[in-house]
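Q: Hey, can you walk me through this one? I'd like to start with the domains and then get to the helices.

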Amino acid sequence: MLGIAYPVFQGGMAWVADASLAAAVSNAGGLGLISAINAGTEAVRSEIRKCREMTDKPFGVNIMLQAPNVAEIAEMVVEEGVKILTTGAGSPAKYMPLWKEAGIKVIPVVASVALALKMQQIGADAVVAEGGESGGHVGELHTMPLVPQVVDALDIPVVAAGGICDGRGVAAAFMLGADAVQVGTRFLVAEECNVHQAYKDKILRATDISTTVTGKSLGHPVRSLKTPFSKSLAKMESDPTTSPEDIMAFGTGALRKAVQEGDDNGSYMAGECAGMVKKAESAKEIVEDLILGAERVIENMLKERMNYE
Ligand code: TUI
């Protein structure tokens with residue numbers, strides 16, 4: 001459907017996923033995605049043009065639907081001839097006619113069966129079913145129960161996301177019925193990923209219990225690394241004298257500060273599998289490890305687990 005060699009999407013991580021990372025993943029045979037949350041519509045336009053110079057392979061753009069300039073971005077991607085879109089943090093229903101008219105493959109990220117069904121009904125080409133193991137804005141369900149329920153409910157392809165970080169996770173996603181996977185956290189440390197070195201170091205040092213979810217009280221649950229910032233945020237949320245506006249103000253701009261400045265008062269969004277990310281590699285090495293690792297465990301499974309000769 002998308003013209004990619006391997007069923008691996010790179011997450012369209014806000015402030016992180018630029019032309020450099022997206023082109024590297026697409027050149028490796030996966031689907032690179034540029035995040036449209038960035039320094040404005042024109043900056044995203046220029047990343048799209050840059051990416052096109054860096055790869056002749058398919059790539060896409062991720063649109064975060066709560067972005068203030070989302071209507072402008074929705075038009076801009078059509079003008080730029082973008083062929084593949086993913087969306088997150090809401091329903092893209094309003095923009096569907098425009099994008100379908102332009103022949104764009106639209107792949108919304110969903111966190112429930114209800115939204116997945118609605119997306120299929122309004123013409124989505126596939127969905128990404130994202131579990132709460134993911135970094136960033138998360139839903140309530142987790143990958144293991146979410147993916148098979150979405151697969152059973154839909155006729156269109158399903159991409160599994162949330163907690164997938166190596167070949168075992170890719171194989172597990174296929175076992176759940178997914179047609180492809182989306183991986184974010186592991187690409188944070190890719191050589192072609194332009195986040196601040198302090199961000200990469202925090203991911204490389206993370207353990208299994210290094211992430212936490214804040215923002216539930218605001219209706220914006222976000223998974224990030226435990227830092228002084230996340231602890232302050234959690235404390236504000238449990239303090240009845242702190243208003244939601246104060247908490248919002250405290251969180252505003254925190255992701256950008258982490259990504260660009262490596263600031264300790266930033267929000268280091270990351271998935272639960274941060275503890276499995278042990279070394280910096282090229283995007284190509286990551287894509288190959290995901291695919292070859294999956295092949296290896298799938299091939300050995302019947303022999304090792306089911307006593308087949
Ligand atoms: O969107 C994401 N992950 C994100 S967006 C983001 S940007 C941000 N920046 C600062 C603060 C907070 C966020 C960081 N990470 N993932 C896709 C995703 N979409 N996960 C869950 C959902 C979702 C949840 C509910 C999609 C739709 C939905 O339904 C609500 C509705 O409107 O029906």
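What follows is a chat about domains, salt bridges and helix packing.

Q: Before we start, what kind of model is it?
A: It's a predicted model: local features need pLDDT of at least 70, side-chain atom pairs count only at pLDDT 80 or more, and totals for chains, interfaces and linings use all residues. Residues are numbered from 1 along each chain as its sequence is written, and side-chain values use heavy atoms, with hydrogens and water left out.

Q: OK, which domains does the assignment give?
A: Domain 1 covers 8-194 + 279-303, and domain 2 covers 211-269. Those bounds come from an automatic or database domain assignment.

Q: How far apart are the C-alpha centres of the two?
A: For domain 1 and domain 2 the C-alpha centres are 24 Å apart.

Q: And how much do they bury between them?
A: About 900 Å², with 61% of that on carbon and sulfur atoms. Buried area here is the accessible area (1.4 Å probe) that two parts lose on being put together, summed over both. On the domain 1 side, W15, G136 and V138 lose the most area to domain 2, together 50% of what that side buries.

Q: How many residues are in contact there?
A: 13 from domain 1 and ten from domain 2, where contact means heavy atoms within 4.5 Å.

Q: What about R45, which residue does its side chain meet?
A: E79, in a salt bridge at 3.0 Å, N to O. R45 is in helix α2 (residues 41-54) and E79 is in helix α3 (residues 70-79), so this pair ties together parts that are 34 residues apart in sequence. Helices are DSSP runs (H or I, at least four residues), numbered from the N terminus.

Q: Switching to packing, how do α1 and α2 cross?
A: At roughly 35°, with the axes of α1 (residues 19-27) and α2 coming within 9 Å. Axes are lines fitted to C-alpha atoms over the stretch in contact, and angles run from 0 to 180 degrees between N-to-C directions.

Q: Which residues of α1 and α2 meet?
A: A19, S20, A22, A23 and N27 in α1 meet E47, K50, C51 and M54 in α2.

Q: And what angle do α5 and α6 pack at?
A: About 35° for α5 (residues 113-121) and α6 (residues 143-153), with axes 10 Å apart. In α5, V113, A116, L117 and Q120 meet Q149, V150 and A153 of α6.

Methods. Helix = DSSP H or I, 4+ residues; strand = E, 2+ residues; numbered from the N terminus. Salt bridge = Lys/Arg side-chain N within 4 Å of Asp/Glu carboxyl O.
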